Amino acid sequence: MTTNEAIPMVSIRNVHKSFGDLEVLKGVSLDVRKGEVICIIGPSGSGKSTLIRCVNALNDIQQGSILVEGLEVNDPQLDKLKLRKKVGMVFQQYNLFPHKTALENIMMAPIRVLKQNKQEAEQTARELIKKVRLEGKESSYPGELSGGQQQRVAIARSLAMKPDVILFDEVTAALDPETVGEVLLTIKELAEEGMTCILVTHEMAFAREVADHIYFTDRGVIVEHGAPATFFDEAKDPRTKEFLSQIL
Amino acid sequence: MKSADHKAEYQSNFQGGQKVAYQTDMPVMMTPSPKAGPSFRFSLKPWHGFVIAMACIISSGIAYAVTDKAEASIFEVLVRWMPLLLEGFVFNLVISVCAMGIGTFVGAGLGLGQISLNPLLRKFSWAITQFFRNSPWLVLLFFSMFLLPFEFKVGDMTIPLPDWVKAIIGLSLPVMANVSEIVRGAVQSLPSGQWEAAESLAYTRRQTLWLVILPQCVKRMLPPWMNLYAILTMATVLASIVGVSEVMTLTGQALAAEGGRTDLLAPFYSFILLLFFVYCYPISRWTVHLEKKFAVIN
């Protein structure tokens, strides 16, 4: 898929975010173009999860601008529903609705929010279940599924809304190493189909293989960024080198 | 920061030159924080029923023994009055069901008001809940009996408000407050991830509440709600104090009609106790069963 070079799909400029007195983001800027896969890596507490949560307005920002396809997030008049129809999110803890089956979890939002009719939504949901390789699990409740399966249902649930960009917040951090692979494969396939993805992840091998651009954050700022090849092999900043040496 | 305080406390405990083998931010054993459960959990046990039945039987036995041959035996007296007493007991149950119904309906609304985004509504709901939760039920009953009019006019119609209706309203007030807390507690016990997931799917707050949050809350609310009902049922006898003709009043009248025989006091009142036990104990058991079934592991 060709990427649109002209206007970034997501444009983050000089974002500052504080929780009370604690400043978590201290002026972060980055661009995401359509079809790109961006990985944000960094130590705990560096603000990476906070950053992507600002993109779909789960957290508000004190200063700066986030433009998502022309919608300004740091705007008191922002239509949050409109924004969230464009931006999907997958969480570390899956956050599936436990009182609904896998199929219903995927179908619910298109029916209630996008006002699709039930047959159409169900058809799409079944296709998505097939896509994430969970055939046979349509009638299972989240409690009956493994972590990796739940996470794939969560990805399918986001996809059902046909978003323009999906945010992944450390989606494999709560999974055991065997199931991590199946989720990463799903994300990789999404990326190859041209979905714009912003991932916060600790999976360096995955980032290296799939990302178009990698950002390293530490203590609320972007320390360094680059394409995977240059980033991993030719890191310039000493903090980056220290971080990479610890995890690679 | 809490962890820093703990660290300082932990380190200060080792001042006598002892080396701490393993440094952590938190002490190894933390005193368990008090469990945030319902503040008052009344549970009926089988031995309660056994004791009441024994009281009934023994007092009846004594009454039988001291009964003059000329007077009617205790069993004859009880059997004679039983239809009336049972009728009175059913009336208690009617009061309890009605008060529970009204209290649950209004209380649920108050509970949702407590989590509203509107600060005024939130504070107002909180204040009402706290006021009626911390007032003695009998006092609230008295208030409703004496403050509510005995009839009120709607247009041309005059609607009478009999005592028992006022008692229902009076008892529904503490129920309302407790249900409000049950609802609020259940909603707040759900992980915030549920709210976040629904929000990121572009649900409105109302959709999130009605499609995601409240359905999950029903299970959590059921045990404390049923417990409240058992307590309410037993509290319906308070209505006798404000003049409503229910089982306690009728028992008093029956005893008076029997010439105030003191040997009948214990059998009659323990019979009433038994009635309440037989009704409330299965509810209690079912509550325990539901609690185990819906045990939530976060």
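What share of the contacts in chain A with a separation of 6 or more comes from residues 24 or more positions apart? In this predicted model, the figure is 65%. The chain is built from nine helices and 10 strands, and 46% of its 248 residues count as buried. Its C-alpha trace spans about 55 × 45 × 40 Å along the principal axes. As for overall packing, a compact globule of 248 residues would have a radius of gyration near 18 Å, and chain A comes out at 18 Å, so the two agree.

Now for the sheet. Six strands of chain A line up as an open sheet in the order β6-β7-β8-β3-β9-β10, and the pairing is mixed. The edges are taken by β6 (87–90) and β10 (221–226); each has a single partner strand, so one side of each has no neighbour in the sheet. On average, neighbouring strands here are turned by 20 degrees against each other, ignoring direction. Within the sheet, β3 (residues 37–41) of chain A runs parallel to β9 (residues 213–218) of chain A, and four bridges join the pair. One residue to look up is A:Ile40, whose bridge partner in β9(A) is A:Tyr215. Helix α5 (residues 147–159) of chain A packs on this sheet, where it touches β6 and β7 (165–169). The direction of α5 makes about 170 degrees with that of β6(A).

A:Ala57 is not a glycine, yet it has a positive phi of about 60 degrees. A:Lys115, not a glycine either, also has a positive phi of about 60 degrees. A:Ala57 sits in the loop between α1 (48–55) and β4 (63–68), while A:Lys115 belongs to the loop between α3 (102–112) and α4 (118–131). Their surroundings are another matter. A:Ala57 has 22 other C-beta atoms within 10 Å, so it is buried. A:Lys115 counts as exposed because it has 8 C-beta neighbours inside 10 Å.

Over in chain B, helix α6 (residues 163–189) is worth a look. Its 27 residues should span 39 Å at 1.5 Å a residue, and the end C-alpha atoms do lie 39 Å apart, so expectation and model agree. Even so, α6(B) has a kink of about 25 degrees at B:Leu173, shortly before the proline B:Pro174. The helix is also mostly covered, with 21 of its 27 residues buried.

Key. Residues are numbered from 1 along each chain as its sequence is written. Chains are lettered from A and ligands numbered from 1 in the order in which they are written. This is a predicted model: local features need pLDDT of at least 70, side-chain atom pairs count only at pLDDT 80 or more; totals for chains, interfaces and linings use all residues. Helices (H or I, at least four residues) and strands (E, at least two) are DSSP runs, numbered from the N terminus. A residue is buried if 20 or more other C-beta atoms lie within 10 Å of its own, exposed if 12 or fewer, and partly exposed in between; C-beta atoms are placed from the backbone. Two strands pair if DSSP finds at least two bridges between them. Axes are lines fitted to C-alpha atoms, for helices over the stretch in contact, and angles run from 0 to 180 degrees between N-to-C directions. Two residues are in contact if their C-beta atoms, placed from the backbone, lie within 7 Å. The expected span of a helix is 1.5 Å times one less than its number of residues. The bend at a residue is the angle between axes fitted to the seven residues ending there and the seven starting there. The radius of gyration is taken over C-alpha atoms; the globule rule is 2.2 Å times the number of residues to the power 0.38.
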